[in-house]
Amino acid sequence: MRLMVKSIAAGSLSGVFTYLASTQALGYTNAFVMPGWMPLALWQALVVLGVGAALVALIVQLLALVAFSARGPVALASFLAVALVALALTVPAAVWPPTFIAWALGAALATLVFRRLRPNHSFKPTPLRGAA
């Protein structure tokens, strides 16, 4: 039960911090000058949303998972719920879906990385109780 609460708290806090940090990061990445040879949609997807939203979500979610030692899927669900509510309340509906998708991809990738980095002690030998 305690791990579930920690996981929900980790996801919720990372959702709020991602929202706050992404507003700054999206402003900076929107200010980058787009090369003339690159299509606008590709620039928006890779640079603005990739760096400004997905990378921020990846870093914040990974730090929250490590700091709280949380369950990845529960924290991810909590992150997505908080991020969706934050965007829906503050940004017009025509603008927020690409940002939410970028956050979701970044947070999901952070969850996968955390799952891969988490130590697995299932094959660690344990001594028999009462032997020798």
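The largest nonpolar core holds 20 residues, and A53, F79, L87 and W103 have the most contacts inside it. Such a core is a set of buried Ala, Val, Leu, Ile, Met, Phe, Trp, Tyr and Cys residues joined through side-chain atoms within 4.5 Å. At least two of its residues come from each of α1, α2 (40-68), α3 (72-90) and α4 (96-117), with α2 giving the largest share, seven residues. In soluble globular proteins, nonpolar side chains tend to be buried together.

This is a predicted model, where local features need pLDDT of at least 70, side-chain atom pairs count only at pLDDT 80 or more, and totals for chains, interfaces and linings use all residues. Numbering starts from 1 along each chain as its sequence is written, and side-chain values use heavy atoms, leaving out hydrogens and water.

Overall, the protein chain has four helices and zero strands, in the order α-α-α-α; helices (H or I, at least four residues) and strands (E, at least two) are DSSP runs numbered from the N terminus. Of the 132 residues, 34% are buried (under 20% relative accessible area, with exposed over 50% and partly exposed in between; 1.4 Å probe, protein chains only).

Now for the surface. L13, V16, F17 and L20 make a nonpolar patch with about 360 Å² of accessible area together. Patch residues have over 30% relative accessible area and no salt bridge, with nonpolar side chains (Val, Leu, Ile, Met, Phe, Trp, Tyr) joined within 5 Å and like charges within 9 Å. A salt bridge puts a side-chain nitrogen of Lys or Arg within 4 Å of a carboxyl oxygen of Asp or Glu. V16 sits in helix α1 and is partly exposed because its relative accessible area is 40%. R2 has 71% relative accessibility, so it counts as exposed.

Terms used:
Accessible areas come from the Shrake-Rupley method with a 1.4 Å probe; for residues, only the protein chains shown count as cover.
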